[in-house]
Amino acid sequence: MAAASMDSVEAWDSLKMMTLIVILEEEFETEIPLDEIENLTSFGALQSFLSGA
Amino acid sequence: MKLGEALRVINSYEGSGADSSNICLATGFMPIHLETFLKAHLLQRSTDEAIEISTGVYDDLPGNLMRAGESSSQAIAVVIEWPDLDPRLGLRRLGGWAPDQLPDIINSVTAQAARLESLIAELAQQKTVAVAFPSLPLPPVSFTCSEQAGSFELQLLQAVNQCALSLVQEHGCRIVNPQQMNLLSPLGKRFDVKADLHAGFPYTIFHASIMADLLARLIYPSQPKKALITDLDDTLWDGILGEVGVEGVSWDLDNNSQIHGLYQQLLAALAKSGVLIGVASKNELPLVMNCFQRDDIHLPKENVYPFDVNWGRKSESIQRILGKWNIGPEAVVFVDDSLMEIAEVAESHPQIDCQHFPKGDDQACYQLLLHLRDLFGKESLTQEDAIRQESLLQGQIVAEARDSGESFDTFLEGLGSELTFDWSMSQRDSRAFELINKTNQFNLNGRRISESQWRVKLQDKDGFLLTVSYRDKFGPLGKIAVLSGTISAGGLTVDTWVMSCRAFSRRIEYACLKQAFHKFDVNTVSLDYTSTVRNGPVHEFLQALKPGVRDGMVELSQDEFNTQCPRLFNSKKVI
């Protein structure tokens, strides 16, 4: 899970990314800016962002 | 519903091994989260089926509709937004918003609406179709300020509404009610500009969930309730009849009790729509009947049967009423202003839908009226709805004659009964479909059938459908029985057979089988019988014809039938 990224997980495409972003926004009650989304392409990047959010 | 919750619902059904229903979702925009919510809401409404949603191509709603028609889907959800009618009414194309373009936009919208209407109408001939018309606010196209409805916006709405009306009236489509949409999803909370511009999905998550929920309710509508039992004091009227007398109770504006008059009006309308209305009240019966003699009452006593008025427990009154109606408690709503009475009834009859009449709170009472309308709401009314209560009373007369000890044959002979046997397989006849899915007691095997399964059945070239109507000297009962199955070299197989309980005790079941033997000139009829908790009348009937009957295929020869069939007195008409 920790190593998961858009490159390593075949099913993780741009449409799934949109769903993932919405789920994270719902679960963490936060809004993820559009210009940040393109950088959040791995589990690690998402974890870092949400830790700082 | 949040998106995470929708995904959890979907995941809880995945791989259940159940048969799958295929539903098409036709949009011009990217359906992304709408598809997820639709699947989740459909799964929640259809617990014994898996659901697969197929979508189409971006920005090609007409093409998606054509592809949906060619697919094997059982139902189609169509979502039309303004850019589907003219791209200039969306944000992803820069076609211009100048005043001199407005007439062209109106023409374009009108033409495209007509085109979509034609495509959707064709789909509706074969499949269940649910349509949502534009729900998003218009962009700042016209030169009129938002607070003013200009000619441009009104003409656009007129084109859209005309299309919707035609689809409802002429093609049997189900349209999402924009008033209900407005109540559940405020206009200002629907449009996600960011998502539209970056991903082609224009809805907020909130609005997508509401839209999906409403579409799912149209594709899998709830079964309407059949009957309502009402209290009287401080419910049907304001005041306690025993304390203030017949002229003391009220239901009008002058006495600040208009909401009770509105409740009476609703019950009268429901009665005319085929809902059985009964009274359970702790009162003196003569006083109650005097009150129903008042000229200004809005629920005529002819619309009410029965009146169970006494000082005993309400749950016992309800038990007696259910017996007279011969329907199950799950089909009944009970309304009372007393929470204590409601609790007492709910404990004895947990399947009855108990609704509190919030006397003194007009706003809450009005919400109750809306809710009651929804509990009994149906897509269309049939001839049987208009005569339901009368036919119930006729059934009582027949049952009393049967139990009176007089010659029942003499009674039946004097009825002057006529049966009409209709062998056509019309998809537009909703009554046959309704009977199969609502009948419990005379039901050959208790199986229910979905709309898509019904369509397949009607198109089976080896299939047959018999719908039976009945009338006698007391009047018509309408369509009261349905038989369906297949014909083969081996004979006739009946896989569906239901008969309304209002038609019992007239030997109509014998007449149906006799007609089936005669029509197909077969020596054997096979009946696909399964015993259920409620279909005892079928078991009794089959036992009389062939003792020792068990679950499974019951093979009945014409000789066996002729030996056991009693005298039949009905005349017949065959269509």
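**Helix packing, a buried helix and the chain contact**

In chain B, the axes of helix α3 (residues 61–70) and helix α5 (residues 102–124) come within 9 Å and cross at roughly 10°. Angles under 35 degrees count as roughly parallel, so α3(B) is roughly parallel to α5(B). The model is predicted.

**α3(B) against α5(B)**

- The crossing of the two helices, α3(B) and α5(B), is left-handed.
- From α3(B), the contact is made by B:Leu61, B:Pro62, B:Leu65, B:Met66, B:Ala68 and B:Gly69.
- α5(B) contributes B:Arg115, B:Leu116, B:Leu119, B:Ile120, B:Glu122 and B:Leu123.
- Sorted by class, the residues in this contact of α3(B) with α5(B) are 9 nonpolar, 1 polar and 2 charged.

**Helix α17 of chain B**

- Helix α17 (residues 388–403) of chain B has 16 residues, which at 1.5 Å a residue should span 22 Å; its end C-alpha atoms are 23 Å apart, which agrees.
- Buried residues in α17(B) are B:Arg388, B:Gln389, B:Ser391, B:Leu392, B:Gln394, B:Gly395 and B:Val398.
- The cover over these buried residues of α17(B) includes the helices α11 (258–272), α13 (314–325) and α16 (383–386) and the strands β7 (276–281) and β14 (475–488), which belong to chain B.

**Chain B against chain A**

- Chain B has 9 residues in contact with 8 residues of chain A.
- On the chain B side, α1 (3–13), α2 (32–45) and α8 (193–199) are the elements that give two or more residues.
- α8(B) gives the most to this side, with 3 residues.
- By class, the side of chain B that touches chain A has 4 nonpolar, 3 polar and 2 charged residues.

Note on methods
Residues are numbered from 1 along each chain as its sequence is written. Chains are lettered from A and ligands numbered from 1 in the order in which they are written. This is a predicted model: local features need pLDDT of at least 70, side-chain atom pairs count only at pLDDT 80 or more; totals for chains, interfaces and linings use all residues. Axes are lines fitted to C-alpha atoms, for helices over the stretch in contact, and angles run from 0 to 180 degrees between N-to-C directions. Helices (H or I, at least four residues) and strands (E, at least two) are DSSP runs, numbered from the N terminus. Angles under 35 degrees count as roughly parallel, over 145 as roughly antiparallel, 65 to 115 as roughly perpendicular and the rest as oblique. A crossing is left-handed if the near helix is turned anticlockwise from the far one by less than a right angle, and right-handed if clockwise. Two residues are in contact if their C-beta atoms, placed from the backbone, lie within 7 Å. Ala, Val, Leu, Ile, Met, Phe, Trp, Tyr, Cys and Pro count as nonpolar, Asp, Glu, Lys and Arg as charged, and the others, Gly among them, as polar. The expected span of a helix is 1.5 Å times one less than its number of residues. A residue is buried if 20 or more other C-beta atoms lie within 10 Å of its own, exposed if 12 or fewer, and partly exposed in between; C-beta atoms are placed from the backbone.
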